[in-house]
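Hello,

Here is the structure I promised to pass on to you. Please have it open while you read, as my notes follow below.

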Amino acid sequence: VSTQSTGAREKLLKVFEKYEALSSHAAPPPTPPAPQITPAASTSPQISTTPVAKPTPPTPPMTPGETLKQEEIQGDFTTSQWDHHNGGVTKDYAWSQTAQDVDVKMVLPRADIKASDLKIDIKAHGVQVQLKQDSSDMKTILQRSFHDPVKAEESMWSLHKGECIQISLEKVREGYWWTALFKDDNHQISLDSIDTTRHMHEFPQEEVACVQKLMFDQRQKQLGLPTSDEMQQDEILQKAWNAKGSPFAGTEFDRSKVNFSNDLSDLGPL
């Protein structure tokens with residue numbers, strides 16, 4: 001090897017060492033691959049700056065009956081596509097809940113299952129799912145206790161052919177939020193993650209009517225129109241306006257001519 005080629009190699013090595021010193025403190029902008037330095041008749045290994053990727057350890061297989069932890073439920077399971085608002089997902093089912101009810105969707109053991117092949121018994125404290133076998137015998141494929149009691153007489157189930165079994169449960173304790181679907185379930189959700197917002201249709205009819213009345217009155221006031229109470233008073237006044245012996249009988253109703261301070265609805269029918 002000539003002195004000139006040796007000197008050139010040493011210069012390149014110094015540049016390379018300087019480059020590595022800088023890259024250890026700050027990531028440089030993208031550059032073409034660093035040149036590989038090979039002596040003229042050398043059998044030594046080539047020098048490259050390409051980092052070697054560390055192999056990802058394989059995910060251990062799940063044991064039968066094992067459920068998924070909350071941080072593991074983002075996988076590409078069929079169940080993750082089902083509604084699990086305020087609930088959770090495992091490889092076998094997905095469940096969601098509101099303040100009044102719980103909805104469950106379960107994976108079918110086979111795609112060709114018919115409703116007549118199933119026997120589902122919903123009790124206050126648990127559920128049993130049985131599947132008809134080739135021998136016409138019924139085999140229990142699920143028997144679990146609920147996290148909290150349900151109203152069995154108001155709960156029901158249905159079959160989405162080729163997709164899932166859906167079970168709709170009515171809570172006994174309205175407004176009590178479940179942290180799991182079953183008592184012995186390892187999959188627990190945090191109460192902090194639950195959205196406790198209640199939609200209008202979830203309230204009792206009396207409360208919905210009261211809210212609707214308040215909203216109507218507010219809108220009427222903004223438009224300069226009578227509220228629901230004022231409309232009711234007008235209805236009573238119009239009946240009295242043309243009543244026998246009224247000084248206004250036979251004339252057009254004019255609310256401005258009437259002065260009152262009490263709620264006329266308390267007067268009852270005229």
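**The enclosed strand and its hairpins**

Strand E5 (residues 126–132) is largely enclosed by the rest of the structure, because 5 of its 7 residues are buried. Buried here means under 20% relative accessible area, exposed means over 50%, and partly exposed is in between, with a 1.4 Å probe and protein chains only. Strands (E, at least two residues) and helices (H or I, at least four) are DSSP runs, numbered from the N terminus.

Before going further, please note that this is a predicted model, in which local features need pLDDT of at least 70 and side-chain atom pairs count only at pLDDT 80 or more, while totals for chains, interfaces and linings use all residues. Residues are numbered from 1 along each chain as its sequence is written, and side-chain values use heavy atoms, with hydrogens and water left out.

Back to E5 and its partners. Two strands pair if DSSP finds at least two bridges between them. Strand E4 (residues 118–122) pairs with E5 in the antiparallel sense over 5 bridges, and Leu118 stands opposite Leu131 in E5. These two strands, E4 and E5, form a hairpin with 3 residues between them. E5 is also joined to E6 by 7 bridges, again running antiparallel, with Lys132 opposite Met138 in E6. The hairpin of E5 and E6 has 5 residues between the strands, and Ser136 in that hairpin takes a positive phi near 75 degrees.

**The chain as a whole**

The protein chain holds 3 helices and 8 strands. From the N terminus on, its elements run α-β-β-β-β-β-β-β-β-α-α. Of its 270 residues, 26% are buried. Among contacts (heavy atoms within 4.5 Å) between residues at least 6 apart in sequence, 48% join residues at least 24 apart. The chain exposes about 19100 Å², and carbon and sulfur atoms supply 53% of that area. Accessible areas come from the Shrake-Rupley method with a 1.4 Å probe; for residues, only the protein chains shown count as cover.

**The five-stranded sheet**

There is an open sheet of 5 strands in the order E1-E2-E3-E8-E7, with antiparallel pairing. Its edge strands are E1 (88–89) and E7, each of which pairs on one side only. E1 and E2 pair in the antiparallel sense over 2 bridges, and the bridge partner of Gly88 in E2 is Trp95.

In the loop between helix H1 (3–23) and E1 you will find Asn86. Asn86 has a positive phi of about 60 degrees although it is not a glycine. It counts as buried, because its relative accessibility is 9%.

**Aromatic pairs**

Rings of Phe, Tyr and Trp (its six-membered ring) pair if their centres lie within 6.5 Å; planes under 30 degrees apart count as stacked, over 60 as edge-to-face and the rest as tilted. By this rule there are 4 aromatic pairs. One of them is Tyr93 with Phe182, an edge-to-face pair at 5.7 Å centre to centre with 80 degrees between the planes. That pair links distant parts of the chain, 89 residues apart: Tyr93 is in strand E2 (residues 93–97), and Phe182 is in the loop between strand E8 (164–170) and helix H2 (205–222). Both Tyr93 and Phe182 are buried.

Phe146 and Trp178 make a tilted pair, because their ring centres are 6.3 Å apart and their planes are at 40 degrees. This pair also links distant parts of the chain, 32 residues apart, with Phe146 in the loop between strand E6 (138–145) and strand E7 (156–160) and Trp178 in the loop between E8 and H2. Phe146 and Trp178 are both buried. Tyr93, Phe146, Trp178 and Phe182 form one aromatic cluster.

**Ser155**

Ser155 sits in the loop between E6 and E7. With a relative accessible area of 12%, Ser155 is buried. A polar contact is a pair of N or O atoms within 3.5 Å; within protein, one must be able to donate a hydrogen and the other to accept it, and residues adjacent in sequence count only if both atoms are side-chain atoms. A polar atom of the Ser155 side chain lies 2.8 Å from the backbone oxygen of Lys151, and the side chain also reaches the backbone nitrogen of Glu170 at 3.3 Å. Leaving aside neighbours within four places in sequence, Ser155 is in contact with Ile122, Val150, Ser168, Leu169 and Glu170.

Best wishes
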